[in-house]
Number of protein chains: 4
Amino acid sequence: MSTVIRGGTIVTADLSYEADLLIEDGRIAAIGQGLVGDSVLNASGCYVMPGGIDPHTHLEMPFMGTYSADDFESGTRAALAGGTTMVVDFALPSPGQGLLDALQMWDNKAGRAHCDYSYHMAVTWWGEQVFDEMQAVVDRGITSFKHFMAYKGALMVNDDELFASFRRVGDLGGIAMVHAENGDVVAELSARLLAEGNTGPEAHAYSRPPQVEGEATNRAIMVADMAGVPLYVVHVSCEDSHEAIRRARAQGKRVWGEPLIQHLVLDESEYFNADWDHAARRVMSPPFRNKAHQDSLWAGLQSGSLSVVATDHCAFTTEQKRTGREDFTKIPNGTGGLEDRMPVLWTKGVGSGRLTPNEFVAATSTNIAKILGMYPQKGAVLVGSDADLVIWDPEAEKTITADAQQSAIDYNVFEGVQVKGLPRHVLTRGVVAVRDGRMLGAEGHGRFVARQPRGQV
Amino acid sequence: MSTVIRGGTIVTADLSYEADLLIEDGRIAAIGQGLVGDSVLNASGCYVMPGGIDPHTHLEMPFMGTYSADDFESGTRAALAGGTTMVVDFALPSPGQGLLDALQMWDNKAGRAHCDYSYHMAVTWWGEQVFDEMQAVVDRGITSFKHFMAYKGALMVNDDELFASFRRVGDLGGIAMVHAENGDVVAELSARLLAEGNTGPEAHAYSRPPQVEGEATNRAIMVADMAGVPLYVVHVSCEDSHEAIRRARAQGKRVWGEPLIQHLVLDESEYFNADWDHAARRVMSPPFRNKAHQDSLWAGLQSGSLSVVATDHCAFTTEQKRTGREDFTKIPNGTGGLEDRMPVLWTKGVGSGRLTPNEFVAATSTNIAKILGMYPQKGAVLVGSDADLVIWDPEAEKTITADAQQSAIDYNVFEGVQVKGLPRHVLTRGVVAVRDGRMLGAEGHGRFVARQPRGQV
Amino acid sequence: MSTVIRGGTIVTADLSYEADLLIEDGRIAAIGQGLVGDSVLNASGCYVMPGGIDPHTHLEMPFMGTYSADDFESGTRAALAGGTTMVVDFALPSPGQGLLDALQMWDNKAGRAHCDYSYHMAVTWWGEQVFDEMQAVVDRGITSFKHFMAYKGALMVNDDELFASFRRVGDLGGIAMVHAENGDVVAELSARLLAEGNTGPEAHAYSRPPQVEGEATNRAIMVADMAGVPLYVVHVSCEDSHEAIRRARAQGKRVWGEPLIQHLVLDESEYFNADWDHAARRVMSPPFRNKAHQDSLWAGLQSGSLSVVATDHCAFTTEQKRTGREDFTKIPNGTGGLEDRMPVLWTKGVGSGRLTPNEFVAATSTNIAKILGMYPQKGAVLVGSDADLVIWDPEAEKTITADAQQSAIDYNVFEGVQVKGLPRHVLTRGVVAVRDGRMLGAEGHGRFVARQPRGQV
Amino acid sequence: MSTVIRGGTIVTADLSYEADLLIEDGRIAAIGQGLVGDSVLNASGCYVMPGGIDPHTHLEMPFMGTYSADDFESGTRAALAGGTTMVVDFALPSPGQGLLDALQMWDNKAGRAHCDYSYHMAVTWWGEQVFDEMQAVVDRGITSFKHFMAYKGALMVNDDELFASFRRVGDLGGIAMVHAENGDVVAELSARLLAEGNTGPEAHAYSRPPQVEGEATNRAIMVADMAGVPLYVVHVSCEDSHEAIRRARAQGKRVWGEPLIQHLVLDESEYFNADWDHAARRVMSPPFRNKAHQDSLWAGLQSGSLSVVATDHCAFTTEQKRTGREDFTKIPNGTGGLEDRMPVLWTKGVGSGRLTPNEFVAATSTNIAKILGMYPQKGAVLVGSDADLVIWDPEAEKTITADAQQSAIDYNVFEGVQVKGLPRHVLTRGVVAVRDGRMLGAEGHGRFVARQPRGQV
Ligand SMILES: [Zn+2]
Ligand SMILES: [Zn+2]
Ligand SMILES: [Zn+2]
Ligand SMILES: [Zn+2]
Ligand SMILES: [Zn+2]
Ligand SMILES: [Zn+2]
Ligand SMILES: [Zn+2]
Ligand SMILES: [Zn+2]
């Protein structure tokens with residue numbers, strides 16, 4: 001059963017041109033004029049782009065005896081609805097738990113995914129078992145290892161563990177990743193704020209100022225440099241962190257920064273909303289920043305010092321958020337975004353003239369496919385590539401609202417945002433998951449994507 | 001008559017993979033495994049890359065009643081010998097001369113070219129005729145306009161002319177280019193040096209310090225920003241100029257910098273050679289710089305703040321250089337490099353680990369093809385692209401020497417440099433111009449390449 | 001007749017301590033405890049500081065057949081009222097006019113001054129006469145030479161003239177000064193704005209964006225570096241210009257930047273006031289900028305990359321401003337500030353915690369006295385220094401209003417600003433000009449201050 | 001008994017002028033012309049400057065069961081011989097030892113000092129006792145607290161301790177100081193080097209690259225910013241660290257950097273000397289760097305981003321150094337410099353034109369007196385200031401050699417350096433300790449200098 005995408009303009013990270021696409025067996029079989037297939041998708045007036053890849057999600061993530069509300073089923077359904085055809089989630093071993101054991105747990109959850117997926121492996125503690133199992137993890141096609149410089153007493157690793165792990169990752173040809181905030185300082189600031197009676201969500205923002213993120217980013221870059229490993233900094237939210245990355249890149253270091261769509265568009269004023277629920281729903285780490293930091297992130301995308309736009313999708317219901325009613329440090333950290341990343345970035349980026357359509361593709365798909373070692377299987381419109389595609393209608397419009405979303409939660413941080421530019425059709429390995437803007441879905445269709453170490457970028 | 005390139009690894013700006021290539025009618029007809037054609041070129045052990053594009057040459061350039069020694073015949077022969085399959089030369093109107101008139105003169109010279117070529121148009125004076133003819137120039141496919149901020153009393157334009165011309169270029173969807181040195185200050189410094197009896201070639205370097213280049217680059221960037229036009233800075237030789245470009249790019253401005261292979265590899269000590277001929281042969285503008293500036297240029301290529309490696313090939317014989325025996329300001333400015341750019345950059349860049357093979361392709365071919373609006377006709381290995389290809393043998397070695405070169409001049413500034421990595425075969429639109437390292441040539445085969453305004457980068 | 005200042009805290013650029021001061025013959029005769037004199041000024045609760053020095057005024061400046069409204073009488077009266085005890089004005093030769101001739105004209109005007117004064121000499125054209133007379137100017141104690149990079153067709157000099165003059169200044173041991181805006185680009189932008197029908201005062205701001213100031217500053221720094229002369233950049237209004245200065249200073253260059261009190265406190269929104277008069281009264285060059293630029297200027301004062309706070313006091317009445325009713329380029333450029341600089345800087349700087357009292361003294365008096373070669377005659381509280389002193393009451397308050405000002409004009413750009421911190425007494429060479437906040441005045445008391453070349457900073 | 005210094009030029013941090021000085025009771029009693037006293041010191045042809053202050057010494061420092069070889073007797077004798085009239089040493093509590101207890105130990109050693117002295121208090125561990133005793137330490141006039149970010153397992157404190165201590169210092173009005181190197185990474189690099197058989201002194205340099213210093217400096221700045229305390233970074237040796245300081249200062253933060261005379265003049269090539277003793281004698285932390293880093297330090301002194309030149313004088317004999325014969329990590333860290341700092345800085349700084357004499361005074365004396373809260377008792381030539389003075393003969397010359405030095409050790413890292421500019425006379429609180437270049441000494445004359453919190457800079 002072959003499919004032809006007809007009449008569109010193919011838009012890749014470095015080129016736009018008019019051509020049809022033929023899809024067979026889940027892959028792109030031909031690109032050219034006048035192609036013929038068993039079924040036809042009309043792409044006239046549309047851009048045909050590589051499906052989005054969100055490299056930063058936390059689906060069904062265990063948290064204080066419960067789980068983040070979107071699992072691989074609802075999460076990947078949301079992803080497809082927004083034009084994202086692949087997610088990379090984080091396998092998070094508990095203290096003392098083996099890496100392979102954690103991987104098994106994640107595999108169990110991922111079976112219901114609608115679209116393809118991969119994992120990053122988190123290094124949440126250090127020891128011989130971790131060191132040893134890292135080889136097996138890479139052999140399974142998981143080449144990126146996440147480290148938390150914050151969440152003291154829980155996920156955080158110290159500098160000596162960071163260095164040891166980075167060296168191991170480097171030796172295995174992988175990529176080191178960091179959540180960069182100085183956990184010691186965050187813990188002290190949080191304790192003081194609570195002691196002074198600041199228990200509300202706005203104190204969350206006060207407890208994690210841009211400085212602690214900038215510092216940790218700078219430190220991670222140095223450790224990576226000494227350890228000889230490329231570094232990927234997740235959720236870069238501010239100029240402080242961006243500056244450290246920019247400086248490193250100007251010295252020729254291999255460092256990438258990932259802003260989130262939330263930080264690009266939303267700002268710290270959200271935490272001052274009189275409605276506790278409103279503010280708490282926006283609690284995530286790093287917190288939203290001011291407009292000057294937003295400008296810095298956009299300039300980074302324009303100039304290439306920042307590489308990838310992600311979501312850190314980690315959805316908690318209002319009910320779950322209320323765990324922190326009396327103490328902001330107990331509000332589960334995280335917001336949604338999977339369904340909205342592509343339309344919001346298109347609207348605020350391409351629609352405003354800040355980004356070209358090609359840069360949009362690079363930031364949402366191609367760059368991360370290269371960084372993570374799965375290009376051109378993913379992130380490309382080339383013969384032989386997986387047919388993960390989005391047929392994008394630049395004229396389609398809607399207003400974002402929780403009522404209409406795929407996500408399992410009861411609100412949306414982008415509520416009320418008008419977007420122009422939406423998927424008309426979305427294909428995951430050749431299967432049409434969204435047709436004419438309607439979700440068809442394909443529960444269980446998603447497969448794990450094994451990735452290559454020692455990538456080309 | 002079809003040709004297959006068999007057994008190589010295709011290396012593009014963003015990907016390396018093993019595949020054969022089928023060439024028909026001067027274009028790439030297929031990429032895949034086990035392709036069959038009328039003739040076969042063996043690429044085993046080789047990289048199959050887009051042929052080099054040198055965007056900065058001066059072939060048969062008029063100069064003080066004579067011409068630069070390499071014309072389109074010998075120049076493009078040298079190009080092909082080194083793996084470069086396209087040159088972009090500069091049409092230089094005399095004061096008062098119309099642009100179309102100058103273009104006719106360049107067309108007359110270019111007929112003998114072995115490989116494809118295009119032109120940049122220089123704006124060496126300003127007036128209504130220039131303004132008017134710029135439209136026709138763009139219509140002919142020449143979308144890049146060069147401006148000289150130095151050579152006072154000759155090619156130099158003032159800031160108001162620069163601004164007016166930049167605005168016109170912007171309106172036409174073109175790209176502004178600059179030779180960036182502060183011509184007023186250079187003239188004053190030169191006059192003073194001569195007055196003090198410093199007449200030798202080393203005074204040439206003293207008369208054009210990095211500061212005057214950095215200043216002019218910064219100024220051109222501001223004028224381009226105000227005029228709303230993308231800017232390409234030719235022959236970036238120093239940190240001062242690179243810093244200005246880096247700063248502009250970090251602000252999201254569309255500015256590209258072009259270091260020359262000479263500045264990446266050779267340094268100012270050459271001017272202190274006791275042999276006048278040795279020093280004078282290296283006289284070019286900007287002059288060679290010190291090691292710290294070289295480091296800056298390499299870091300720029302690594303981090304992407306510099307985009308393209310060129311040559312400013314403008315070859316004068318020792319005899320011609322001796323015109324300036326008594327007065328360094330009369331030494332014709334320029335050095336060769338067309339034949340050596342690719343092997344020297346590969347050796348010093350890829351061989352040293354500073355650049356990946358993909359980055360080499362980007363810097364020598366793909367980036368400039370995109371910038372100048374001729375991608376993917378040129379600079380790509382894609383079905384439909386022109387079969388301008390180099391089959392690169394990374395193990396082949398030689399020592400550069402003027403005795404063995406294609407260029408018409410009697411010396412080589414890279415004399416004695418050992419290179420590892422050389423073309424095995426070179427094709428220009430499907431025609432084999434170099435086979436097994438031997439020059440076959442194809443005089444008159446080259447064609448003018450018309451380019452598109454409003455490019456994608 | 002001796003005077004004792006009793007009971008205050010002496011505050012200098014580098015020290016605060018409690019002591020009395022004895023003044024004899026216009027100079028400080030002793031500093032210590034329990035000093036006795038013929039008369040006593042009560043300084044209890046006050047800071048005793050060097051009187052302010054405003055290095056940038058245009059009193060009775062010729063302009064389009066009229067003059068700026070404050071002359072040396074009203075201008076220096078306003079100065080003293082605000083705690084400023086010395087002004088440095090600009091002698092502006094007309095095209096072709098000799099420097100000494102211009103100096104004579106300024107001497108004629110200055111006779112009525114209430115406080116001491118000096119001049120900078122402007123180099124508004126270039127020629128042998130100018131070159132020759134510069135020596136005599138320096139011999140007269142005028143060691144600073146101003147150059148306009150804007151006002152094309154009037155005061156502006158080109159780069160070659162700039163370089164020649166800078167070299168001459170350097171040889172004479174003087175200081176080069178620049179009004180840094182790219183006059184060519186300003187002229188083009190202005191013409192286009194007018195052509196498009198933008199004739200109002202807001203177009204003045206559009207015609208001189210921060211970029212043109214940043215560029216010119218960067219260029220002046222390069223020319224000064226090549227010419228071997230220290231550089232003083234007047235009215236630094238934006239980050240672009242400040243960045244160029246900061247970068248130069250980090251390289252060890254002797255460059256100083258002068259923000260104005262206006263740019264520190266007022267912003268571009270003033271130009272959008274619906275009242276034409278309101279907006280036009282704020283027209284000056286460079287224009288007011290946005291808040292981000294203001295933050296940059298304050299950070300510069302805090303970190304020392306900017307050195308001196310001035311006013312560019314050049315007062316025009318509303319009537320005079322209305323000359324530009326139909327054409328913003330005809331609005332006379334300039335605002336007042338002499339009377340308000342010290343209280344406003346104290347309130348917004350010291351009062352907000354951004355500056356220490358010692359830094360306030362440095363920025364308003366000591367730094368410029370050193371830069372201009374008249375320290376410690378001026379700018380110091382040392383035995384032997386001129387008794388130009390302000391006894392500053394940090395608790396005194398008022399609201400600024402034109403109704404109560406000394407200046408001859410009918411409005412005040414700081415109208416309505418609340419200040420806390422005002423002069424209680426002001427002395428000019430030992431003579432009490434302000435007592436208990438009341439102006440006594442001393443018309444004709446002011447004397448010319450000759451300055452030394454080759455200063456210590 | 002009064003003394004007059006006659007015929008010299010007084011040089012302070014901001015002024016040079018000819019005057020005599022009268023000294024009575026250890027203080028400056030008068031400055032003026034034709035002063036008369038009981039005895040006269042001839043200063044003709046000399047500069048009369050504030051005596052040097054070395055804010056970074058380790059005299060008789062306990063180390064692995066022994067002590068650094070120069071104690072307060074020989075150390076301060078060496079200081080005076082070179083024109084330094086005050087030292088600030090570090091009281092170093094052992095793990096668990098109280099601060100006041102440590103202070104008692106240091107008081108016991110300091111009794112033999114020839115010149116005045118003070119201490120910094122090191123915070124080498126954290127706990128309630130330390131927190132509590134800090135108040136008493138400040139009350140005793142010790143307002144600066146040193147923290148080690150390196151020497152893991154010994155002196156090093158972690159980020160949470162750093163933050164807690166910085167906050168306490170800030171609340172007490174003191175200054176936080178750091179030895180900035182990432183101790184975790186240094187420990188890992190050292191272990192790996194040893195494991196690979198790199199046991200020699202050159203491995204010391206490899207184990208502490210500029211990156212680990214730059215990172216720690218950046219981190220300390222962030223922690224100080226969050227804690228609200230001014231920061232002083234000792235022994236800034238490289239661009240990485242300097243850049244972090246420069247960036248912080250440009251944001252208006254109160255951060256000072258202290259380069260050592262050793263890092264300004266000596267470079268890493270010393271560690272490659274074939275003579276083990278030669279190399280080991282230069283082992284200190286941070287290690288010497290390359291020329292590019294030296295240039296950065298000099299530019300910092302010129303532009304003011306670095307404030308103070310010190311020595312970190314910590315002298316070990318060759319015998320002591322040989323403890324590390326088999327293992328570079330066991331080589332006692334430290335070099336001498338007390339006697340040589342002033343002549344070497346004068347020669348390489350003032351003699352080369354990089355610094356003015358006034359800047360020399362600022363960097364060697366006045367700046368640190370202000371930073372540490374003892375200006376103008378120390379660091380000034382003002383009536384009432386302590387008569388700690390050096391009469392400096394800019395024409396005197398010598399070659400530095402261990403044979404002629406005061407220090408107790410058997411070598412000198414500046415051996416063979418030619419200096420021009422030496423003390424003719426040196427006074428410590430009015431007592432002549434060096435007369436006509438001959439050491440008279442004054443064992444036990446030195447007194448403890450109590451300092452003020454909440455300084456003016
Ligand atoms: Zn995170
Ligand atoms: Zn996350
Ligand atoms: Zn050129
Ligand atoms: Zn050229
Ligand atoms: Zn001006
Ligand atoms: Zn002015
Ligand atoms: Zn130390
Ligand atoms: Zn130390």
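Student: Which residues of chain A does the UniProt domain annotation cover?
Tutor: In the unreviewed UniProt entry, "domain: Amidohydrolase-related" covers residues 47–417 of chain A. UniProt positions are given here in the numbering used for this model, feature names are shortened, and annotations may be inferred rather than shown by experiment. This is a predicted model, where local features need pLDDT of at least 70, side-chain atom pairs count only at pLDDT 80 or more, and totals for chains, interfaces and linings use all residues. Residues are numbered from 1 along each chain as its sequence is written, chains are lettered from A and ligands numbered from 1 in the order in which they are written, and side-chain values use heavy atoms, with hydrogens and water left out.

Student: How much of that span is helix, and how much strand?
Tutor: The span 47–417 of chain A is 40% helix and 15% strand, and its end C-alpha atoms lie 22 Å apart. Helices (H or I, at least four residues) and strands (E, at least two) are DSSP runs, numbered from the N terminus.

Student: Switching to the metals, what holds ligand 7?
Tutor: That zinc ion has His179(D), through ND1, and His235(D), through NE2, as its protein donors, lying 2.1 to 2.2 Å from it. Donors are N, O and S atoms within 2.8 Å of the metal (3.2 Å for Na, K and Ca); water is not among the atoms, so sites may look incomplete. The zinc ion (ligand 8) is 3.5 Å from the zinc ion (ligand 7).

Student: Where do those two histidines sit in the fold?
Tutor: His179(D) lies in strand E14 (residues 175–179) of chain D and His235(D) in the loop between strand E15 (231–233) and H8, so the pair ties together parts that are 56 residues apart in sequence.

Student: And what coordinates ligand 3?
Tutor: His179(B) (ND1) and His235(B) (NE2) coordinate that zinc ion at 2.1 Å.

Student: OK, interfaces. How many residues meet between D and A?
Tutor: 23 residues of chain D are in contact (heavy atoms within 4.5 Å) with 23 residues of chain A. About 2300 Å² is buried between these chains, with carbon and sulfur atoms giving 60%. Buried area is the accessible area (1.4 Å probe) that two parts lose on being put together, summed over both. Arg167(D), Met222(D) and Met226(D) supply 21% of the area that chain D buries against chain A, more than any other three residues.

Student: How many salt bridges are there between those chains?
Tutor: The count is 6, where a salt bridge is a side-chain nitrogen of Lys or Arg within 4 Å of a carboxyl oxygen of Asp or Glu. One of them joins Glu243(A) and Arg247(D), with the closest N and O atoms 3.5 Å apart.

Student: Which helix of D gives the most to that side?
Tutor: H7(D), with 9 residues.

Student: What about B and C?
Tutor: That contact takes 23 residues from chain B and 23 residues from chain C. Chains B and C bury about 2300 Å² between them, 60% of it on carbon and sulfur atoms. Across their interface there are 6 salt bridges, and Glu243(B) meets Arg247(C) in a salt bridge (3.5 Å, N to O).

Student: How far apart are the closest C-alpha atoms of A and C?
Tutor: They lie 9 Å apart, and no contact joins chain A and chain C. No contact joins chain B and chain D either, and their closest C-alpha atoms lie 9 Å apart.
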